[in-house]
Amino acid sequence: MILMAYSSYALQRMIDMCYQYSCKWRFEYNASKCAVIVFNKQRSNQPKQSWSLGSDVITETSTYTHLGLLCDEYMSSSILVDEAIKKLRGTLGSILSSGLTPGEINPLTLKKIYCSVVIPKAFYGAQLWSNCSKADVKGLEIAHRKSLKQIATLSPYCNTIFTLVLLDMDFAEDLMDFYKLQFLGQLCRLSPNLLAKQVFVQRLVRHITYGDVMMGYIPDICRLTHKYKIGHFIDTFISTGRFPGKSAWGHILKTSVKRLNQRQRESHLDEQCETNISLSLKHSNSDSIWTALKKIPKYSKYCYNAIRILGYSVSEQFVSACKRCGHFSNSHATHAFWLCAKTSVTRKELICKLYDAMDGETFRTLIRSPLLTQCRQIALFSTQVENGMFVNVHLLTTLHKLMYQNQ
Ligand SMILES: [Zn+2]
């Protein structure tokens, strides 16, 4: 139970009323489990005020957990976000260490587990995370992207948008937006007799119609409905009380939020790569790399290798030493593909196979493009899927040999 009051006198009066009611009906409140949080406290050296519940004392505290959500005196969500980061890493870590090793289990399966177990646990109460600082959101994004790269067995330095498009996942911030808007639908559909609905409507009207400055959930959803261009639903709700039903609102969120974010990620990746790479990584159809891999799991290590090459080719490059020849290069994939002295035999084999598999024009365009682009095009070509099967399996094995086997 929560009591809220604007003054200490009013709060003490409410506590007294509760105490008198409990005496009348012969039940007891446990004062040691009760706490008082003072918001907007004035900075002064005044001692903490004491609060009484009958003859017991209620202590004043700076944080309190209610329904699993920690609330602090500054109404900040930093502690909640920190907790979410720990849960995200911890839950995924314990799932993966229980035998579901990435690289052995299909990333689609791991993604399903991640979305149905890890995300709901970590994002519990995300609807009410407000006043998040940029550092909070960044911390959550880092934990989220690290988890996804782990699932897809990609390097931690791999391009994040590539990872998101590859697994068809949202940014952590987009997930938060989605949960908040979903919660908006639940609030708007509540029965008008409920106190929660009345408080919500009153705050919403005060903020939108009278421009009241406030913090918390209401300004957040106003910002989000404006961002995703669905503000007219709020306007209609205020003027007529009508709001889309559960399935209609779900459909609106899917098209206006999920698909919009998806298209933005894909176009961002295509711009970065100056090619239509997102189309090759699409997962909406049955011809995706992961579904083909499900049918022939024996090719998994070759397929993961090709995906990693794709990841290298769209990510920032770092100087590293070749494990085979010892030479330093600014791109691991480019060196192994075209420059390493120890891979010359496999390189010739790859070129012959490419010449046989590609039509003349495609092959000529390929060899005229920059070295890193060539790596990407070859990885894309070798992971090409048609009718749910890999078309160029023989290239996948050669790529693996080129990248990892000693010549
Ligand atoms: Zn080398």
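# Helix packing and selected residues in a predicted model

The crossing of α4 and α5 is left-handed.

## Helix pairs

Two packed helices are described by the angle between their axes and the distance between the axes. For α4 and α5, the axes cross at roughly 60° and come within 10 Å. That angle makes α4 oblique to α5. On the α4 side, the residues that meet α5 are Arg 145, Leu 148, Lys 149 and Ile 151, and their partners in α5 are Thr 160, Thr 163, Leu 164 and Leu 167. Sorted by class, the contact of α4 with α5 has 4 nonpolar, 2 polar and 2 charged residues.

Helix α4 (residues 134-151) also packs with helix α2 (residues 78-96): their axes cross at roughly 10° and come within 9 Å. Here α2 is roughly parallel to α4. From α2 the contact takes Ser 78, Val 81, Ala 84, Ile 85, Leu 88, Arg 89 and Leu 92, and from α4 it takes Asp 136, Gly 139, Leu 140, Ala 143, His 144 and Ser 147. The contact of α2 with α4 divides into 7 nonpolar, 4 polar and 2 charged residues.

Another pair is helix α13 (residues 300-313) with helix α18 (residues 393-404), where the angle is about 65° and the axes are 9 Å apart. At that angle α13 is roughly perpendicular to α18. The crossing of α13 past α18 is left-handed. In α13 the contact residues are Lys 301, Tyr 302, Cys 303, Asn 305, Ala 306 and Ile 309, and they meet Leu 396, Thr 397, Leu 399, His 400 and Met 403 in α18. By class, there are 7 nonpolar, 3 polar and 1 charged residues in the contact of α13 with α18.

| Helix pair | Angle between axes | Axis distance |
|---|---|---|
| α4 and α5 | roughly 60° | within 10 Å |
| α2 and α4 | roughly 10° | within 9 Å |
| α13 and α18 | about 65° | 9 Å |

## The whole chain

The protein chain has 18 helices and 9 strands. Its radius of gyration is 28 Å, while the globule rule gives 22 Å for 407 residues, so the chain is more spread out than a compact globule. Along the principal axes, the C-alpha atoms fill a box of roughly 90 × 45 × 40 Å.

Of the 407 residues, 26% count as buried. Among contacts between residues at least 6 apart in sequence, 65% join residues at least 24 apart.

## Residues with positive phi

Most residues other than glycine have a negative phi. Asp 168 has a positive phi, near 50°, and is not a glycine. This residue is in the loop between α5 (160-167) and α6 (172-188). Asp 168 has 17 other C-beta atoms within 10 Å, so it is partly exposed.

Lys 229 is also not a glycine, and its phi is positive at about 55°. The loop that holds Lys 229 runs between α8 (217-227) and α9 (231-240). Lys 229 counts as exposed because it has 9 C-beta neighbours inside 10 Å.

## Separation in sequence and in space

Some pairs of residues can be described by their separation along the chain and by their C-alpha distance.

Ser 280 lies in helix α11 (residues 277-280). With 18 other C-beta atoms within 10 Å, Ser 280 is partly exposed. Ser 280 and Leu 166 are 114 residues apart in sequence, and their C-alpha atoms are 9.4 Å apart in space.

Gly 241 is in the loop between α9 and α10 (246-273). Gly 241 counts as exposed, with 10 C-beta neighbours inside 10 Å. Gly 241 and Gln 127 are 114 residues apart along the chain, and 22 Å separates their C-alpha atoms.

Val 205 is placed in helix α7 (residues 195-208). Val 205 has 13 other C-beta atoms within 10 Å and is partly exposed. From Val 205 to Phe 363 the separation is 158 residues in sequence and 63 Å in space, C-alpha to C-alpha.

Note on methods: Residues are numbered from 1 along each chain as its sequence is written. This is a predicted model: local features need pLDDT of at least 70, side-chain atom pairs count only at pLDDT 80 or more; totals for chains, interfaces and linings use all residues. Axes are lines fitted to C-alpha atoms, for helices over the stretch in contact, and angles run from 0 to 180 degrees between N-to-C directions. Helices (H or I, at least four residues) and strands (E, at least two) are DSSP runs, numbered from the N terminus. Angles under 35 degrees count as roughly parallel, over 145 as roughly antiparallel, 65 to 115 as roughly perpendicular and the rest as oblique. A crossing is left-handed if the near helix is turned anticlockwise from the far one by less than a right angle, and right-handed if clockwise. Two residues are in contact if their C-beta atoms, placed from the backbone, lie within 7 Å. Ala, Val, Leu, Ile, Met, Phe, Trp, Tyr, Cys and Pro count as nonpolar, Asp, Glu, Lys and Arg as charged, and the others, Gly among them, as polar. The radius of gyration is taken over C-alpha atoms; the globule rule is 2.2 Å times the number of residues to the power 0.38. A residue is buried if 20 or more other C-beta atoms lie within 10 Å of its own, exposed if 12 or fewer, and partly exposed in between; C-beta atoms are placed from the backbone.
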